[in-house]
Amino acid sequence: MEAFVIEGGLALHGEIEVHGAKNAALPILAATILVRGEMELVDVPDLLDVRVMMDILRALGVQVVREGHRLYVNTETLDTNIVPEHLMSQMRSSIFLLGPLVSRTGEAVVSYPGGCSIGQRPIDMHISSLKKMGVTIHEYGGTLVAEAHRLRGAHIVLDFPSVGTTENILMAAAFAEGRTIITNAAREPEIQDLARFLTSLGARIHGAGTHRIVIEGVTRPAHVRLTHRVIPDRIEAGTFLAAGAMTGGDIFIRGVVVEHMEAVIEAFQQSGTIISQDQGGLRVIGRRPILPLHKVMTSPHPGFPTDMQAQLMAHLTLAEGTSIIVETVFDGRFRHVPELVKMGADIVVDYHTAVIRGVQHLEGARVKATDLRAGAALVLAGLSAEGTTTVIHPHHIDRGYETLEVSLAALGARISRERVATILQGERN
Ligand code: EPU
């Protein structure tokens with residue numbers, strides 16, 4: 001077992017480049033199997049969830065080779081539509097394969113997906129949308145068998161702008177018969193990136209990035225050869241921003257798309273952080289006092305992203321006053337709270353609402369990463385705490401950040417990855 005060991009109290013300084021977006025790369029990788037061809041994907045982050053998706057593609061017979069941040073994918077050799085259960089259970093994004101596999105092969109055999117434990121994550125909208133497009137789906141003891149002789153366009157009204165469902169429908173609809181309309185579609189930047197990728201496969205998509213997306217089904221091309229660059233990761237950028245803000249640092253985050261991050265920038269500015277846009281990036285200067293935020297609600301894009309909720313909360317633990325955060329996207333996404341409390345934070349949770357009373361300082365402690373963004377929040381808290389913080393289970397953080405400890409160390413943080421056995425041995429000596 002590993003842990004991040006952090007010596008807190010240092011202000012971060014310097015420049016950092018954002019990696020490609022995990023949540024754009026994953027559906028795009030799934031979408032490659034829609035067609036036969038050779039595809040080069042640029043700026044694909046090297047992190048755990050992407051590795052699992054690469055393993056899934058390989059298990060389907062696809063050739064995937066990584067060279068740095070480029071992936072070379074050859075989908076000519078796809079030879080099965082059965083996704084192995086042990087891979088499916090490692091990651092929720094494996095549900096993205098349902099649409100593309102049925103589209104290309106007429107059938108898909110998948111099990112219920114796994115993923116971070118951040119509350120209930122049903123797949124009912126994925127299933128009902130695909131059913132509307134002519135897919136029959138049966139469940140046999142946890143295994144889903146999806147079949148469609150022919151996918152056909154449909155008008156799908158989503159109860160909630162689900163990111164994954166919007167992406168699954170886009171992929172299924174690209175080469176379906178007729179027109180598909182998605183009403184109440186998710187508007188995240190990652191949807192637009194997937195739509196750009198599908199368009200370069202030949203798809204005809206209008207309105208990606210708005211509430212209403214129209215996909216005119218086209219004939220699948222015989223063969224495709226293309227290069228696609230994945231958008232920068234707005235959540236990784238937001239996590240660096242929080243690190244600069246919380247530590248009272250002065251950092252420059254290169255490669256940010258500012259329009260993807262407006263709600264995050266706004267929230268940190270309101271808390272007193274100085275943020276300016278400058279030559280392809282963001283300069284972040286952390287200032288004291290941190291001002292409390294009276295109410296931040298997470299919501300689908302362009303609202304404040306649920307994937308930045310834990311990091312903002314870590315920041316607000318040090319505010320001069322009381323802040324309120326309401327989590328509306330996932331239930332059960334407050335698992336960082338008891339860990340932050342171990343570090344001296346004063347937070348009370350009532351269902352979807354967290355009340356954060358600012359404290360003078362946090363203290364280093366031994367804490368546990370329970371999911372990806374909760375883990376990131378604990379690292380941030382550790383950076384600004386007095387003393388040593390040990391964050392165990394950093395594999396949760398590795399799912400969505402490419403070597404977060406290396407990025408932060410480049411900004412001057414004292415953070416290292418250690419084996420827990422070594423830490424315990426050191427304590428005994
Ligand atoms: N939902 C349903 N039924 C469904 C699908 C979703 O009830 O069939 C509910 C979910 O339970 C949740 C809400 O709808 O309460 C939103 O879920 P959504 O489908 O939008 O999320 P997702 O596609 O599963 C993606 C990201 C998440 C991010 C959310 C929201 C990827 C690979 N994952 O998940 O990323 O939190 O959108 O923005 O794109 C992360 O990176 O840490 C992460 C969890």
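How do helix 10 and helix 12 lie to each other: roughly parallel or roughly perpendicular? I looked up the axes of helix 10 (residues 309-316) and helix 12, and they come within 7 Å and cross at roughly 25°. Helix 10 and helix 12 are therefore roughly parallel to each other; angles under 35 degrees count as roughly parallel, over 145 as roughly antiparallel, 65 to 115 as roughly perpendicular and the rest as oblique.

A note on what I was reading: this is a predicted model, where local features need pLDDT of at least 70 and side-chain atom pairs count only at pLDDT 80 or more, while totals for chains, interfaces and linings use all residues. Residues are numbered from 1 along each chain as its sequence is written, and side-chain values use heavy atoms, with hydrogens and water left out.

Helices (H or I, at least four residues) and strands (E, at least two) are DSSP runs, numbered from the N terminus. Axes are lines fitted to C-alpha atoms, for helices over the stretch in contact, and angles run from 0 to 180 degrees between N-to-C directions.

Next I listed who meets whom. Ala310, Gln311 and Ala314 of helix 10 are in contact (heavy atoms within 4.5 Å) with Arg373, Ala374, Ala376, Ala377 and Leu380 of helix 12. By class, that contact has six nonpolar, one polar and one charged residues.

Then I turned to helix 8 (residues 234-246) and helix 12 (residues 372-384), whose axes come within 9 Å and cross at roughly 20°. Helix 8 and helix 12 are therefore roughly parallel to each other. On the helix 8 side I found Ile235, Thr239, Ala242, Ala243 and Met246, and among their partners in helix 12 are Arg373, Ala376 and Leu380.

My next entry is the ligand. For Arg333, a polar side-chain atom lies 3.2 Å from an oxygen atom of the ligand.

Last, I checked the backbone. Most residues other than glycine have a negative phi, and most peptide bonds are trans. The bond from Arg288 to Pro289 is cis, with omega near -5°, and Pro289 lies in the loop between strand 16 (281-285) and strand 17 (296-297). His301 and Pro302 are also joined by a cis peptide bond, with omega about 10°. Asn184 has a positive phi, near 65°.

Technical notes: A polar contact is a pair of N or O atoms within 3.5 Å; within protein, one must be able to donate a hydrogen and the other to accept it, and residues adjacent in sequence count only if both atoms are side-chain atoms. Ala, Val, Leu, Ile, Met, Phe, Trp, Tyr, Cys and Pro count as nonpolar, Asp, Glu, Lys and Arg as charged, and the others, Gly among them, as polar.
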